[in-house]
There are 2 protein chains.
Amino acid sequence: MRNVRLLIAYDGSRFFGWQRQEGFGSVQQAVEEGLESLLGDRVVVHGAGRTDTGVHALGQVASCHVDTSLDDQRLCHALNAHLDEGVVVRRVETCPDDFHARFSATGKRYLYLTVTTPFRPPFAEGQFHWTREPLDQAAMRDAASRFLGQRDFAALASSGSPRTSTVRTVEHVRLVARRDRFAIVVQGNGFLYNMVRTIAGTLIDVGRGRLVPSDVDAILASGDRRRAGATAPAGGLWLLRVRYPERCFTGRLAGPRGAAGLFQG
Amino acid sequence: MRNVRLLIAYDGSRFFGWQRQEGFGSVQQAVEEGLESLLGDRVVVHGAGRTDTGVHALGQVASCHVDTSLDDQRLCHALNAHLDEGVVVRRVETCPDDFHARFSATGKRYLYLTVTTPFRPPFAEGQFHWTREPLDQAAMRDAASRFLGQRDFAALASSGSPRTSTVRTVEHVRLVARRDRFAIVVQGNGFLYNMVRTIAGTLIDVGRGRLVPSDVDAILASGDRRRAGATAPAGGLWLLRVRYPERCFTGRLAGPRGAAGLFQG
């Protein structure tokens, strides 16, 4: 048995989220069934984070113990042949036995993608959020800077899951605009439930003029979820990268770039 | 009654092609029903060309006579509110009474989009053609130049529709490569049935080493469809632009750029 980590991309619109649940096809289930079909053993796959239904990933990470003589590259190729459309394993890497995709993670980077066109684009529905109105970038950049640092983000978290602390560190909130496309890149050491989508929704509300940048300070200070902007729709959210203490998946990566490619080079 | 031309984008994977046919939802039907729902009259819409099931458009053109007091911009906005997802009218423009989207057209430009990654990308299925193998760009450029000029393209046309001549002029075949994406832009004064997809399929076969560039000369000289490469799948084909003697749809265009955006800027 060896411990491996998988770099996984998926189209969130095809799955009921990452986490396995009875009666709803999840990414975790797809990967576990792919491994079982390939290796003949039941394998439990641990994901770095649970993404909701509709949320996409270019760089989800999962770890699992496997018993196979296939080397990492052959295991990756063979596993993809056993996966459904909509999910692909970009890389398999043997890792220290104590590596755990969730507990070893020290941060995550997400991208929230908005397209602003006069009409709803006919393509790639569910891969971005659409707003008819142009967005005020200067105001959004001002607002974005107000999320940075170690803070209590209780005002940005949907209630639901119990948790010990609502303090997190947001390391950067960067805005990338290109023609009619608008990406919000958020990186932090961890996020509360729906926190990235609430940051995105609040910034979009600032861009539309429904909120002003200083409202962000008041929202965070209040700790009151009802004061923040709307939770932006799941389809615009992409999990780009999970960070670990050691470098993972180095070198040229196989596989898709997807929406993020629109904002590079 | 005035004559208007429409600039239309659509996701071909959602329709059974452009042309109206009983029992299968087509783009023509969607636009005609949208106009009827908006204006209360049955309107016949003439498209510049029939695209097959799965073929996308960023710049399809259609013309029709309408009886409405709405100006062009308001008509465009109102019509979009009556259209299904997957199709959008980017622009409406009043035009001379003798303008006909099909008969007035003097040329078309298509893009054929291929993604070469080790694994099938999980996103945007049906919006590009995927090949696992890297493509030999130098060989493809050599082969591309051999399609240029006024020639008999009988070897590249699927049989089916009767026609008086198989001579057409291909004005340019340009290759644009960017990371793992590969676009073939083909422009000509007109195309036989499946001709662009056969040019694309032949070039991809050259890129894979299944054909050599000089095979293009032999294929064209033979007039024999069986000698050309495979007809590339419909999902990779995008109708970018229809050309007319006068300038149409000038100024900044509303609406989506879609796949073509990946190859600009």
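User: How many salt bridges are there across the interface of chain A and chain B?

Analyst: In this predicted model, the rule finds 2 salt bridges across that interface.

User: What makes the pair A:Arg14 and B:Glu125 a salt bridge?

Analyst: The side chains of A:Arg14 and B:Glu125 meet at 2.4 Å, N to O. The cut-off for a side-chain nitrogen of Lys or Arg and a carboxyl oxygen of Asp or Glu is within 4 Å, so the pair counts as a salt bridge.

User: Which elements of chain A give two or more residues to the side that touches chain B?

Analyst: They are β1 (2-10), β3 (56-66), α2 and β4 (87-94) of chain A. The most comes from β4(A), with 4 residues. By class, that side of chain A has 18 nonpolar, 10 polar and 12 charged residues.

User: What area do chain A and chain B bury between them?

Analyst: About 3,100 Å², with 58% of it on carbon and sulfur atoms. In the contact, 40 residues of chain A face 40 residues of chain B.

User: Why are α1(A) and α2(A) called roughly perpendicular?

Analyst: The axes of helix α1 (residues 27-39) and helix α2 (residues 72-81) of chain A cross at roughly 110°. Angles of 65 to 115 degrees count as roughly perpendicular, and therefore the term applies to α1(A) and α2(A).

User: Which residues meet where these helices touch?

Analyst: From α1(A) come A:Val31, A:Gly34, A:Leu35, A:Leu38 and A:Leu39, and from α2(A) A:Leu75, A:Ala78 and A:Leu79. They divide into 7 nonpolar, 1 polar and no charged.

How values were computed:
Residues numbered from 1 in each chain as written. Chains lettered and ligands numbered in written order. Predicted model: local features only at pLDDT ≥ 70, side-chain atom pairs only at ≥ 80, totals over all residues. Heavy atoms only, no water. Axes fitted to C-alpha atoms, helices over the stretch in contact; angles between N-to-C directions. Parallel < 35°, antiparallel > 145°, perpendicular 65-115°, else oblique. Contact = heavy atoms within 4.5 Å. Nonpolar A, V, L, I, M, F, W, Y, C, P; charged D, E, K, R; others polar. Buried area = accessible area lost by both parts, 1.4 Å probe.
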